[in-house]
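The sequence and structure are shown first.

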Amino acid sequence: MKRQRFTEPTSPFDLVSDEIIFTILDLLSSNPIDLKSFSLACKSFYSVEAKHRKLLKPLRSEHLPTVLKRYTQLAHLDFSLSPRVTDASLNIISKACNSKLRSIDLSRSKFFSATGLLSLATNCTNLVEIDLSNATELRDAAAVALAKAKNLEKLWLGRCKLITDMGIGCIAVGCTKLRFISLKWCMSIGDLGVGLIAVKCEQIRSLDLSYMQITEKCLPSILKLKHLEDLVLEGCFGIDDDCLAVIRYGCKSLRKLDVSSCPNISPSGLSSLTRATSSIQQLTLAHGSPVTLALAKSLKSLTMLQSVKLDGCVITYDGLEAIGSCCVSLSELSLSKCVGVTDEGLSSIVKKHKDLKKLDITCCRMITDVSVSHLTNSCGGLTSLKMESCSLVSRQGFILIGRRCHLLEELDLTDNEIDNEGLRSLSRCSKLSILKLGICLNLNDEGLAHIGTSCSKLMELDLYRCVGVTDSGLLAIIHGCPDLETINIAYCRDITDVSFSSLHKCSRLKTIEARGCPLITSSGLAAAVVGCKLLRRLDLKKCCNVDDAGMISLAHFSQNLRQINLSYSSVTDVGLLSLASLSCLQHLTVLHTNRLTPSGVAAALLANSSLTKVKLHALFQALLPERLLKRLEVRGCTFEWREKIFQAELDPKCWKLQLEDVMQIVL
């Protein structure tokens with residue numbers, strides 16, 4: 001009898017089960033760089049990581065054969081980082097992934113046609129989601145091919161302007177399991193196509209018909225859908241009161257309705273619609289008819305209404321008061337940029353709705369401390385408050401918010417009179433995750449220290465043009481809020497490398513807005529990006545002391561970077577070329593950088609194959625080779641040529657006065 005040979009593991013990790021490794025990989029899934037590093041640790045990890053991966057975001061479609069050979073269990077493909085996807089690419093995908101593929105996102109991609117979609121629909125029999133938004137060249141032949149995807153449940157066709165009723169009709173007949181479809185800006189699809197979708201796809205839950213040329217002819221079929229929960233009719237100018245008056249059948253399942261920017265719908269028409277759809281919980285009427293007593297009464301039948309959005313409407317006191325009386329279950333109210341909102345009207349509504357959770361009064365410029373007092377007294381459970389440019393609210397008003405609304409998670413106080421005492425009071429809101437303080441000129445480091453000490457859950461902070469903020473204030477935020485994902489310190493001119501370099505401690509940072517900070521140098525940038533491996537968006541416009549050294553460090557540590565603005569910086573050809581190693585970089589803006597040469601820009605553009613959008617000064621358009629520009633455009637890159645002249649920076653207070661003058665002219 002032969003003795004069985006025992007093979008010793010070549011690595012201690014070989015003894016770890018796949019299930020344990022899968023658990024570890026689940027915890028690392030937010031950062032692709034970490035996943036890559038993990039897979040390279042040893043052969044067993046390399047193999048298991050390939051089996052574990054279900055989602056892939058390819059950077060270049062030409063690498064698909066190699067990539068798909070390794071990752072054999074993919075269920076979701078996202079090409080938002082790959083602008084060029086051809087029919088050949090889709091053919092490779094359909095053969096490699098076949099029935100395992102569940103969803104694919106092609107919303108940022110070009111160069112594929114009906115041929116590639118047919119291969120995808122035929123071979124990937126379990127495909128349930130496909131996003132074809134912005135595929136402006138697709139025609140009915142593509143829709144016919146897509147109709148072969150019999151199990152499709154979610155479909156995005158936004159801006160597919162060449163698909164007609166015939167094409168969407170084929171999809172309706174072939175894809176009867178559809179539960180969600182977006183036809184936003186599909187200008188060639190009318191009542192016939194939408195009607196076919198409503199008749200053939202009985203399982204529809206969500207239907208987006210924004211900015212389509214539809215009329216009353218398709219509405220009865222839509223409202224007969226037994227499972228419809230979300231209907232978007234934004235910008236449908238063909239729908240008017242006469243269309244709605246003939247509605248006889250209601251949609252009892254409808255929960256969300258958006259009829260914003262529908263100027264031909266008056267309170268009379270809205271009343272006809274709401275009577276037929278009495279189960280609505282969220283209603284959007286933005287940029288529509290004036291909010292009068294008649295409009296408010298049209299909502300009386302909506303006993304389950306919880307959210308009302310009236311952004312951009314003219315508001316009357318009677319209308320606002322009546323909404324407060326009619327909508328007994330209101331938890332969300334949006335009055336952003338509404339004309340006519342007064343203390344009397346707002347106070348009347350907040351007194352009646354003590355369970356209000358979200359309120360948006362952005363640019364309601366007649367609001368004073370009176371409203372704030374009533375709001376904070378009645379609605380202590382607020383979780384979101386947006387009140388940008390409520391310039392008549394005094395410093396005392398913001399102290400009241402901090403004292404009484406401790407559950408706030410989102411607070412927008414952009415362009416207000418809040419000071420350090422106000423921030424001290426707001427520091428009691430320990431659940432804050434989003435805080436916007438842009439153009440608040442009365443703040444300084446003392447106030448930010450209170451936020452840094454008490455608001456450890458902060459994920460987004462906007463300090464745009466807060467000229468009183470220096471290194472001390474930013475350091476307080478960095479030390480106290482380690483989970484920051486977005487920081488805006490644009491035009492905080494006293495910020496230096498001392499604090500900026502400490503941003504490396506915020507390892508979750510994805511967006512840094514630092515334009516107009518002339519004291520930040522390449523040394524500070526290099527130190528900051530060491531720990532910011534998730535960084536996706538970086539704005540260094542008018543950071544004149546950032547040069548090539550900063551770019552070299554950035555290229556090494558920020559492999560996830562997707563967007564960068566280097567206008568008015570000191571970067572030369574060398575620094576720009578170093579960014580070619582950033583395989584995720586898609587958007588590049590370089591204006592008024594006089595150290596760049598045409599040959600250097602050409603080399604950098606050619607080397608960075610992932611670019612999809614580039615902004616350059618118009619002078620470069622004539623200096624760059626025409627063959628180069630055409631080659632880049634074929635690769636999926638678009639150019640924006642700007643002739644903007646050099647502008648000197650204004651003093652922040654002068655800048656704010658100019659802004660106020662413009663707003664007065666507009667109003």
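## Burial in helix H16

Which residues of helix H16 (residues 369-378) are buried? They are Ser 371, Val 372, Leu 375, Thr 376 and Ser 378, where buried denotes under 20% relative accessible area, with exposed over 50% and partly exposed in between (1.4 Å probe, protein chains only). These buried residues pack against helices H15 (343-352) and H17 (395-404) and against strands S13 (358-360) and S14 (384-386). Helices (H or I, at least four residues) and strands (E, at least two) are DSSP runs numbered from the N terminus.

## Basis of the model

The model is predicted: local features require pLDDT of at least 70 and side-chain atom pairs pLDDT 80 or more, while totals for chains, interfaces and linings use all residues. Residues are numbered from 1 along each chain as its sequence is written, and side-chain values use heavy atoms, with hydrogens and water left out.

## Helices H14 and H15

The axes of H14 (residues 317-326) and H15 come within 8 Å and cross at roughly 5°; axes are lines fitted to C-alpha atoms, for helices over the stretch in contact, and angles run from 0 to 180 degrees between N-to-C directions. H14 is therefore roughly parallel to H15 (angles under 35 degrees count as roughly parallel, over 145 as roughly antiparallel, 65 to 115 as roughly perpendicular and the rest as oblique).

In H14, the contact (heavy atoms within 4.5 Å) involves Tyr 317, Leu 320, Glu 321, Ile 323, Gly 324 and Ser 325; in H15, it involves Glu 344, Gly 345, Leu 346, Ser 348, Ile 349 and Lys 352. By class, there are five nonpolar, four polar and three charged residues (Ala, Val, Leu, Ile, Met, Phe, Trp, Tyr, Cys and Pro count as nonpolar, Asp, Glu, Lys and Arg as charged, and the others, Gly among them, as polar).

## Helices H25 and H27

The axes of H25 (residues 598-607) and H27 (residues 626-634) come within 11 Å and cross at roughly 25°, which means that H25 is roughly parallel to H27. Ala 602, Leu 605 and Leu 606 in H25 meet Leu 628, Arg 631 and Leu 632 in H27. This contact comprises five nonpolar, no polar and one charged residue.

## Positive phi angles

Tyr 211, although not a glycine, has a positive phi of about 60°. Tyr 211 lies in the loop between strand S7 (206-208) and helix H10 (219-223) and is buried, with a relative accessible area of 18%.

Ser 261, also a residue other than glycine, has a positive phi near 55°. Its loop connects strand S9 (256-258) and helix H12 (267-276), and Ser 261 is buried, with a relative accessible area of 18%.
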